[in-house]
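Have a look at the model first, then run through the notes below.

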Amino acid sequence: MKPPVTQAVLRQLEAVARRLPAPRVARLHLPPRQAEACVGGVETEFCALELEDGAFGLAFVLLGDTLDRLLQRHGGAAPLAGADTLQLAQGLAERDEAARALGLAAVNALTASAWQRLGWQPPVAGNSLGDVQLTPQDHLGLIGNFTPLVRRVQEAGARLTVLELQQDKVERLQARFPGIHATTDRAALATCTQVVGTSTMLLNDTLDAMLAAAPAAREFVLIGPSAGLWPDALFDRGVTRVCGTQVLDGPAFAEALRTGTRWSDSARKFAIDRGAWPGWRSLLGTAAAPQ
């Protein structure tokens, strides 16, 4: 029986750190509060942890009161500067939502740092749908409300099921897109040929359950800025592609995050396919397994 995905991710991170010592935190970058944001959208939904070597890791902060808690705990000047990044990553296994978000940001930042030092670049993503190609014969399951993607699926003529965790979100989605199938019942994924889910599943610990609910899916894709981690534990459980965000210009990205403006010029989307992934041991040049 496989260990929980969070445990597997953290064990791998510690094993990598034995070969590539983890840099400490330079600072935590938090978005403006939603009500004060200059521009709505994805730019106001994520925090970023910057490490001393310039690597960035992102995490979604709109689950529950995560953003408010992070602002209360770390809203001062140069928050978390000098903090132990590996220790922060352990927060991914905690129940506190703010600690989990900070933990995922640390996991993603340490991954970006390792790839940077190894000279490995994740492949550029081909489209916003996690590189999924749809035909009218396909039945796509979307886990989470990706409003722009709903239109993409409709244009392709594919059948669509949207899974949300809250009934009020289902009702809002159905009002905006009459005729689509939106539900809170994960059993609706059973007939999907492909599934695309938000990386928020790593924060609310629903990934394993969603994978189990979609036995017929030939593709199960994890997408979103929070999906910047080593993909081995995800691939081992049935995820077929991981699509995240790589920060290219740190200062410009940090300023965009601070002001709630678009960061597209300072970052890029990537897509790592399970079939093309060399594996973390191969990248490190070692056959040593996590202890």
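Two strands count as paired if DSSP finds at least two bridges between them; helices (H or I, at least four residues) and strands (E, at least two) are DSSP runs, numbered from the N terminus. This is a predicted model, where local features need pLDDT of at least 70, side-chain atom pairs count only at pLDDT 80 or more, and totals for chains, interfaces and linings use all residues. Residues are numbered from 1 along each chain as its sequence is written, and side-chain values use heavy atoms, leaving out hydrogens and water.

**Parallel strands around E5**
- Strands E4 (residues 139-143) and E5 (residues 159-163) run parallel, held by 5 bridges, and Ile 143 sits opposite Leu 163.
- On to E6 (residues 181-183): E5 pairs with this strand in parallel over 3 bridges, with Val 162 facing Ala 182.
- Between E5 and E6 the chain passes through helix H6 (residues 167-176), a right-handed β-α-β crossover (clockwise from the first strand over the helix to the second, with the strands pointing away from the viewer).
- In E5, 4 of the 5 residues are buried (under 20% relative accessible area, 1.4 Å probe, protein chains only).

**The open sheet**
- Three strands line up as E1-E2-E3, with antiparallel pairing.
- E1 (25-29) and E3 (56-60) are the edge strands, each with a single partner, so one side of each has no neighbour in the sheet.
- E2 (residues 46-51) and E3 share 5 bridges, and Leu 49 has Gly 57 as its bridge partner.

**Helix on the sheet**
- Helix H4 (residues 97-118) packs against the sheet and touches E1, E2 and E3 (contact means heavy atoms within 4.5 Å).

Terms used
Buried < 20%, exposed > 50% of the residue type's maximum accessible area, 1.4 Å probe, protein only. Axes fitted to C-alpha atoms, helices over the stretch in contact; angles between N-to-C directions.
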